[in-house]
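Have the sequence and the 3D view open as you read, and follow along topic by topic.

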Amino acid sequence: MSPTPRAGARAVALEAIRRVVDGEGYSTIVIPAALTRSGLDARDRAFAAELAFGTIRRIGALDWAIARRASRPVGRMTPGVRGVVRLGAYQLLFAGVAPHAAVGETVGLLPPKERGFANAVLRKLAADPPPWPAGRGEDDVAVRTGMSAWAIRELGRIIAGDAETAAAGFAERAPLCLRTNTCAVTVEELGQALAAVGHTPAASSLDPDCLLLERGDPTSLPGFRRGWFAVQDHASAVVVRALDPGPGERILDVCAAPGGKAGHLACLVGEEGLVVAADLRPQRAALIRRSAHRLGVHPLVVAQDATRPALRGSFDRVLVDAPCSGIGSARRRPELLWRPRADELSRLARLQVAVASTAADLLMPGGRLVYSVCTFPRAETDAAADAILRHRPDLEPAEVPAPDGSAERFRLWPHLHRSDGMFVAGFRKRL
């Protein structure tokens with residue numbers, strides 16, 4: 001018997017979940033690819049996407065609940081059973097799917113010999129879902145929000161107020177943010193084109209060129225092929241504004257892939273300016289070229305190691321959007337709620353400081369360097385910025401444009417700014 005369309009959607013979701021959770025893939029790559037291969041209609045593609053992204057986002061809570069109704073630990077289940085039980089539990093506990101469908105059709109994805117155990121666990125969850133923990137400790141907050149306990153603890157040391165509210169902001173689903181390519185179209189023209197096909201674009205509170213949509217497939221939106229917009233969170237647009245590029249300037253984007261900020265910079269400096277967009281791997285450099293070609297802008301793309309650059313010369317402004325733990329983009333890549341580990345931070349911070357310190361060699365006297373990371377731990381943010389100043393005494397803190405005026409350093413938070421979590425620090429090279 002061939003599967004029903006909804007069973008097909010569950011099978012697609014299960015494949016994607018296992019590739020991300022067990023195979024350490026990236027949800028923003030794995031899930032769209034699985035949907036493209038699926039042959040599902042639009043309704044069932046949306047259902048599969050909701051199941052896949054939702055299960056990945058709620059892994060911590062699902063495992064906590066499953067552990068209280070299963071006769072063996074989650075880690076000792078076979079990968080297939082573990083994936084099916086997580087997918088079924090998400091439908092029961094978060095998606096509002098009828099129990100008979102959540103259990104029966106999901107368990108049916110397993111070979112017959114493995115169905116009995118999964119069926120028993122899911123039926124127990126359906127009949128008697130455990131109450132969520134009500135405590136204020138990091139472990140309980142981690143269950144409720146999906147963020148790792150160590151990251152909850154770190155949040156509590158940084159923010160004034162409720163760490164759970166901040167963590168919950170990272171766990172929300174992000175809207176689709178479009179940065180208007182003002183070298184091709186005006187914001188008003190793009191907004192009208194979107195409205196004409198039934199969307200209700202909302203203005204960004206952070207950047208005048210950005211529009212927010214509840215959802216949608218970017219490739220099907222008006223103007224995509226003509227390069228009218230880049231799919232880019234408005235926090236990234238804020239980073240470019242902090243660099244404050246002007247027409248005709250020479251700009252270096254040190255870690256540029258996939259190319260959104262480089263495309264924005266290329267538009268702002270105009271044909272008389274120069275943007276060099278660099279990244280470590282040729283494959284990632286190819287992403288920058290592809291993005292720039294669609295947008296109709298022309299940065300010079302270079303593949304190089306940022307700690308041992310092949311470039312020479314000096315630039316008016318340098319952007320170091322450094323490799324980081326990435327927790328700030330968890331609204332769009334939910335595995336980043338729980339995948340980063342605290343023991344990785346020191347290695348990342350050393351890399352971040354090395355990249356920024358080396359990039360300063362390419363900055364002209366009086367020029368501006370902006371350091372940004374899409375995350376919040378202190379090791380990658382304030383501590384890294386302090387280390388850059390120690391390594392480069394020829395740099396000094398510099399105020400840069402920020403959402404609330406200007407500042408030497410600032411942060412963006414999902415629960416306050418409805419954006420990715422971002423840290424930005426400005427520097428000036430002494431004359």
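C267 is buried, with a relative accessible area of 10%, and in this predicted model its sulfur lies 2.1 Å from that of C183, forming a disulfide.

**Cysteines**

- The count of disulfides comes to one, and a disulfide is a covalent bond between the sulfur atoms of two cysteines.
- The torsion about the S-S bond of C183 and C267 is about 105°, so this disulfide is right-handed.
- C183 sits in the loop between β1 (176-180) and α11 (187-196), while C267 belongs to helix α13 (residues 260-269), so the bond ties together parts that are 84 residues apart in sequence.
- C177 is buried, with a relative accessible area of 4%.
- C374 is in no disulfide either, and its nearest cysteine sulfur, in C324, is 5.9 Å away. C374 is buried too, at a relative accessible area of 14%.

**Helix pairs**

- Two packed helices are described by the angle between their axes and the distance between the axes.
- Helix α3 (residues 42-57) and α5 have axes that come within 10 Å and cross at roughly 100°, which means α3 is roughly perpendicular to α5.
- On the α3 side this contact uses E50, L51, G54 and T55, and on the α5 side R86, L87, Y90 and Q91. By class, these residues are three nonpolar, three polar and two charged.
- For helix α8 (residues 138-145) and helix α9 (residues 149-158), the axes come within 8 Å and cross at roughly 110°, so α8 and α9 are roughly perpendicular to each other.
- E138, D139, V141, A142 and T145 of α8 meet A149, I152 and R153 of α9. The contact of α8 with α9 has four nonpolar, one polar and three charged residues.

**F94 in helix α5**

- F94 is found in helix α5, which spans residues 79-95, and F94 is partly exposed, with a relative accessible area of 30%.
- Leaving aside residues up to four places away in sequence, F94 touches R58, A61, L62, A89 and W132.
- F94 and G54 are 40 residues apart in sequence, and their C-alpha atoms are 8.3 Å apart in space.

**Helix α12 and its ends**

- Helix α12 (residues 234-243) is mostly covered, with nine of its 10 residues buried. Among them are H234, A235, V239 and L243.
- D233 caps the N-terminal end of α12, with a side-chain oxygen 3.0 Å from the backbone nitrogen of A235.
- Which residue follows α12? That residue is D244, whose phi is positive, near 55°.
- D244 lies in the loop between α12 and β5 and is partly exposed, at 40% relative accessibility.

- Is D279 buried or exposed? D279 is buried, with a relative accessible area of 8%, and it lies in strand β6 (residues 274-279).
- The side chain of D279 reaches the backbone nitrogen of A257 at 3.0 Å.
- D279 and R284 are joined side chain to side chain by a polar contact of 3.1 Å.
- Residues that D279 touches, beyond those up to four places away in sequence, include V254, C255, I288, V302 and Q304.

- Most residues other than glycine have a negative phi, and most peptide bonds are trans.
- The peptide bond that joins A257 and P258 is cis, with omega about 5°. P258 is placed in the loop between β5 (250-253) and α13.
- R418 has a positive phi, near 55°, in a residue other than glycine.
- R418 is in the loop between α17 (414-417) and β14 (422-429), where it is partly exposed, with a relative accessible area of 46%.

Conventions: Residues numbered from 1 in each chain as written. Predicted model: local features only at pLDDT ≥ 70, side-chain atom pairs only at ≥ 80, totals over all residues. Heavy atoms only, no water. Helix = DSSP H or I, 4+ residues; strand = E, 2+ residues; numbered from the N terminus. Buried < 20%, exposed > 50% of the residue type's maximum accessible area, 1.4 Å probe, protein only. Polar contact = N/O pair within 3.5 Å; in protein donor to acceptor, adjacent residues only side chain to side chain. Contact = heavy atoms within 4.5 Å. Axes fitted to C-alpha atoms, helices over the stretch in contact; angles between N-to-C directions. Parallel < 35°, antiparallel > 145°, perpendicular 65-115°, else oblique. Nonpolar A, V, L, I, M, F, W, Y, C, P; charged D, E, K, R; others polar. Disulfide = S-S within 2.5 Å.
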